Amino acid sequence: MATPIVRRNTSQSSQPNKPETAHSLPLNTRRLAAWATEITLVVVSGLVPFGIGVYANSRSDLNRVPLHPVLVVTERAIARPLALPVSYGIRNVAAPTNFLWIIALLAPVTLSWWQLYLLGKTGSTIPKRKFGVRVVNEVGKPAGLAAVVAREGVGRWTVPVSIAYILWRYSFAFPNLGLFTFLAVLMVLGEGVALPARRGRRALHDWLAGTYTIDATRPLPSSTPGNKSQGSPVVEELAPVSMSMFTGETTNTANLWQEMRQNPSRTLFVVALVSMIAVLGTLVATQVYIQTQQTRRETKQINSQKFLALIETLSPNSGATIKDRQSIILAMGGINDSQSIQFLTDLLVKETNPILLSTIQQALASVGLAAIPELKNKNQFLAGELKSVGSDASPERELRQQQLHINQQTINKILSVYSTQIADIDLSLAELGQSGTPETSFFNLVLDNIDLSGINLKSANLNQASFKGSIFRGVGADGRWDTYDDAIADLSQAQMKQANFTDANLSRVIMNRSDLSRATLNRANLSHARLIGADLSSTQLVGANLRGAFLEKASLTGADIGDARFNEANLYAARLSRVIAIGTHLSYANLTNTDWRGADLSGAYLDRANLSNANLSATRLTGAVLRSAKLENTNLQNADLSFVDLRGANVAGADFQGTVLAPVPQNAEDQFVQMPDLGSISAVVEGVDFSQAKNLDKRQIAYICTQGGLHSSCASVGLGSGVINRR
């Protein structure tokens, strides 16, 4: 009988030990561990699908689609308060990425609300139940959904994160996101751990929601008939607290309500005082508004009277001299209201006297940027009229072209004078380029060394315009780069054939589907610019900076990109046939599905670039660096890889038919000029695995094997290498 007794005692003693071991830590520690587990689950639920989406987006064999509008709106909503540079314009991603990133957006929200529901209805989430922690109200019951939303949403997160944000936003730390993250974590931990560490204190989130965090493993005390807190649990905070805090007898809300009932006269006085202040404030604000509107109406009436008087003087029957008319036009420019601006823009089209035309332009220039909207409307009207008369030379066409030319000149003059104030100017669809042949069109937009930050030139005609040294991106109101309010110009779908952007700053500027064919962009800063679907054929980009630029499906056929920097740029499916890319930096660039046929990439830096499924047939890659590059399924037929560094490259599925790995020595008798000895080593292939490469001939395999490359035929080649070398 001793044996079963021993077994019973052992089992009985071991079972209670398990929960005691699991819950032997102090409540403060278990509470923090449960909260950390909850946060980890929420973060992981978002990071896992987001990471898979990033991986899917890096695959070259997946279709590209525009980023989902929900993700675009979310991105901008996050970017604004955190001062992050937002991805403007069209952004293409792999088709599965949209789905995965939406899951990454919804999963944390769904999991958070599920945890709040469990906390409100049962008092515990799964991690809290695991660590023996429970959240209850004053009478020991689950607090309810509304209370836990206030507890977690307001007390635990909104208040501490808002304090951290204010400290970060208006300090030297802005816009350093790492310091904001540190401050936010510090505030959240301080609110949840440091504040209730003192005896008799609860955390802010518990105080706001009227909740208490208790040890769920301790039994509830038995109820007594005389105890008002009948059935209330034993509550253990981060430190011992008085029982009066758990019974609900002296809560702050109850005290406030009791005081209001005991002192009704004081309550009525406070309510009356607040109401009186509100009424007086409303009356003062109403009076100020009425006075402002009356002053505005009087000013408008005076301006209208002046305007009518000036119109009468300018009438043909007034008998005013040219000098008088000039004075009246300049005076009208000083009025600066909608009536006078509209009249001056109309007069600019109708007037034929060169002296008066110059005076009208001067008057509109004195009006400033306020005249741009009306000039733009007239510009579009004249451009439409010019197209309607056809391309044949006629007096009507010549007249319309002269009128458009004068309008363009006026816009050009205003932009030049007020260049530092044009961040919100809208000139989309404006006709500011050559409107005819060079023989018949005499206008060229010239805005050299001008600050054009934030200007909207979407779908505008800027053919043959000159923007040498101009700036299209500014720091915005906060005076800091790479933040949400950066003033960035919009040149998407604009016609900019043969435009000159030499030394211009176009960083992050939107130029999606723009026509920049035969344009000059030498030494221009195009870092992180958006050129998706743009036409850059025959464009000059020598020495330009396109680091991180987006050039998906862009056309650079015949362009000169020598010494340009395309590091980390995205050129997915771009057309680059016959490109001159001597010494071009393309390290880490996405070059999947690109077409380089007939291009010259001599001395180019392509280390770690992704050239999967690219077409490099008949290209010249002499001296290029392709270390650790991805060349899966790349077409290298008839390409010249002399002196190329291929160490670490992945050439699985690459087509090497006719590829030159070593220069072919010429017969000395056939050489007119003595050529230097190129030596026995050309392309560096040491350690590169060619076993899955396609269409390798015997000579190529022999070269690969003798230079340290890897191939399944290297054993047999090695036996006959002496014969091959002698040949």
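**Helix packing and a cavity lining**

Reader: Which residues in H4 meet Glu-38, Leu-41, Val-42, Ser-45, Gly-46, Pro-49, Phe-50, Ile-52, Gly-53, Val-54, Ala-56 and Asn-57 in H2?

Author: This is a predicted model, in which local features need pLDDT of at least 70 and side-chain atom pairs count only at pLDDT 80 or more, while totals for chains, interfaces and linings use all residues. Residues are numbered from 1 along each chain as its sequence is written, and side-chain values use heavy atoms, with hydrogens and water left out. Taking contact as heavy atoms within 4.5 Å, and helices as DSSP runs (H or I) of at least four residues numbered from the N terminus, the listed H2 residues meet, in H4, Pro-96, Thr-97, Leu-100, Trp-101, Ile-103, Ala-104, Ala-107, Pro-108, Leu-111, Ser-112 and Gln-115.

Reader: How are H2 and H4 oriented to each other, roughly parallel or roughly antiparallel?

Author: The axes, fitted to C-alpha atoms over the stretch in contact, with angles from 0 to 180 degrees between N-to-C directions, come within 8 Å for H2 and H4 (residues 95–122) and cross at roughly 175 degrees. Because angles over 145 degrees count as such, H2 and H4 are roughly antiparallel.

Reader: How many nonpolar, polar and charged residues does the contact of H2 with H4 have?

Author: Asp, Glu, Lys and Arg count as charged, Ala, Val, Leu, Ile, Met, Phe, Trp, Tyr, Cys and Pro as nonpolar, and the others, Gly among them, as polar. By class, the contact of H2 with H4 has 15 nonpolar, 7 polar and 1 charged.

Reader: What classes of residue make up the contact of H13 with H14?

Author: The axes of H13 (residues 338–350) and H14 (residues 354–367) come within 10 Å and cross at roughly 150 degrees, and the two helices are therefore roughly antiparallel. The contact includes Ile-341 and Leu-344 of H13 and Leu-357 and Ile-360 of H14. Its residues divide into 9 nonpolar, 2 polar and no charged.

Reader: Which elements give two or more residues to the lining of the largest cavity?

Author: A cavity is a set of points on a 1 Å grid where a 1.4 Å probe fits but cannot get out, and lining residues have an atom within 4 Å of a point. The largest cavity is lined by Asn-28, Arg-31, Leu-32, Trp-35, Arg-156, Val-188, Leu-189, Gly-192 and Val-193, which divide into 5 nonpolar, 2 polar and 2 charged. The elements giving two or more residues to this lining are helix H2 (27–58) and helix H7 (177–194).

Note on methods:
Parallel < 35°, antiparallel > 145°, perpendicular 65-115°, else oblique. 1 Å grid on protein atoms, 1.4 Å probe; cavity = no way out; pocket = protein on both sides within 12 Å on 5 of 7 lines; lining within 4 Å.
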